[in-house]
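Hi everyone, thanks for making time for this one. Let me put the sequence and the structure up on the screen, and then we can walk through it together.

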Amino acid sequence: MFVIVVKYLVELAEIDAAIADHGAWLAEQYADGVFLASGRQVPRTGGVILAAGLTREDLDRRLAGDPFGQRGLAEYQVTEFVASRTSGELERFRA
């Protein structure tokens, strides 16, 4: 599993101008079944994504397709972890 912390590099007006394209990209990742949760940080300085069921290489390839990153609007910090406990909905991702 991976926790991806998205850090905005620009003002929110630029983020908001690209949010529809970013949302479309997110929808593709959810459709593929690799993104489990995502949302804005509070305060709104970036976002967080929870992903599973893919390799780090595949995740990096997918992140490279995010319009936020492609346009230099955000950067990513990726942390991989092995889930030893989960809720029932996430049990299939437990080690």
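Let me start with a question: is H22 buried or exposed? Keep in mind as you look that this is a predicted model. H22 turns out to be buried, because its relative accessible area is 10%, and the cut-off for that word is under 20%.

So where does this histidine sit? H22 is found in helix α1, and that helix, residues 12-31, lies across β1, β2 and β3. Against β2, helix α1 runs at about 170 degrees.

If we set aside neighbours within four places in sequence, H22 is in contact with D66, P67 and F68. With D66 there is a polar contact, side chain to side chain, at 2.8 Å. Have a look at G69 too: 47 residues separate it from H22 in sequence, yet from C-alpha to C-alpha the two are 9.5 Å apart.

Let's move on to the sheet. It is an open one, built from four strands in the order β2-β3-β1-β4, with antiparallel pairing. The edges belong to β2 (35-40) and β4 (74-80); each has a single partner strand, so one side of each has no neighbour in the sheet. From one strand to the next, the twist averages 15 degrees.

Finally, please zoom in on β1, residues 2-8, and β3, residues 46-51: these two pair in the antiparallel sense over six bridges. If you want a landmark there, find V3, which stands opposite L50 in β3.

Definitions and conventions: Residues are numbered from 1 along each chain as its sequence is written. This is a predicted model: local features need pLDDT of at least 70, side-chain atom pairs count only at pLDDT 80 or more; totals for chains, interfaces and linings use all residues. Side-chain values use heavy atoms; hydrogens and water are left out. Two strands pair if DSSP finds at least two bridges between them. Axes are lines fitted to C-alpha atoms, for helices over the stretch in contact, and angles run from 0 to 180 degrees between N-to-C directions. Contact means heavy atoms within 4.5 Å. Buried means under 20% relative accessible area, exposed over 50%, partly exposed in between (1.4 Å probe, protein chains only). A polar contact is a pair of N or O atoms within 3.5 Å; within protein, one must be able to donate a hydrogen and the other to accept it, and residues adjacent in sequence count only if both atoms are side-chain atoms.
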